[in-house]
Amino acid sequence: VWTMATKKKRRMKANKLTTAESFGARLRTWRGEQGHPLKRVAHDLGVSVSVVSQWERGLRFPSVRNLDKIAKYMDLPVCCLLYEGIMDCPHERRRK
């Protein structure tokens, strides 16, 4: 039986996609852990410092092309950048 309660439970279990703000916070945290200055990350990704700053502040979300560059730079699958938590990423759950 498919009820509204069932639909709600399924939605609650669904993976939560990231927002520009949470993506930016994770990028900033990763950059800090790696000790990479903003200027270096921008140079390595081939974008301006202001673009990386806007990503980190949650003002902009990277294009698909830039998401791919960021994922390679961070050594992560792209899908792990698109979900709130690393364990929400379908790629990471398959590894278990």
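**View 1. Tryptophan 55, a buried residue of helix H4.** At 1% relative accessibility, tryptophan 55 counts as buried in this predicted model, because buried means under 20% relative accessible area. Tryptophan 55 belongs to helix H4, which spans residues 49-56.

**View 2. The contacts of tryptophan 55.** Leaving out residues up to four places away in sequence, tryptophan 55 touches Ala20, Phe23, Gly24, Leu27, Leu45, Val47, Arg60, Phe61, Pro62, Asn66 and Ile70. Alanine 25 is 30 residues from tryptophan 55 in sequence. In space, the C-alpha atoms of tryptophan 55 and alanine 25 are 8.6 Å apart.

**View 3. Histidine 36, in the loop between helices H2 and H3.** Helix H2 covers 20-34 and helix H3 covers 38-45, and histidine 36 sits in the loop between them. The relative accessible area of histidine 36 is 12%, so this residue is buried. Neighbours within four places in sequence aside, histidine 36 is in contact with Trp30, Arg31, Val41 and Tyr73.

**View 4. Cysteine 79 and cysteine 80.** Cysteine 79 has a relative accessible area of 22% and is partly exposed. Cysteine 80, at 3% relative accessibility, is buried. A disulfide is a covalent bond between the sulfur atoms of two cysteines. Here a disulfide requires a pair of cysteine sulfur atoms within 2.5 Å. By this rule the model has zero disulfides.

How values were computed:
Residues are numbered from 1 along each chain as its sequence is written. This is a predicted model: local features need pLDDT of at least 70, side-chain atom pairs count only at pLDDT 80 or more; totals for chains, interfaces and linings use all residues. Side-chain values use heavy atoms; hydrogens and water are left out. Helices (H or I, at least four residues) and strands (E, at least two) are DSSP runs, numbered from the N terminus. Buried means under 20% relative accessible area, exposed over 50%, partly exposed in between (1.4 Å probe, protein chains only). Contact means heavy atoms within 4.5 Å.
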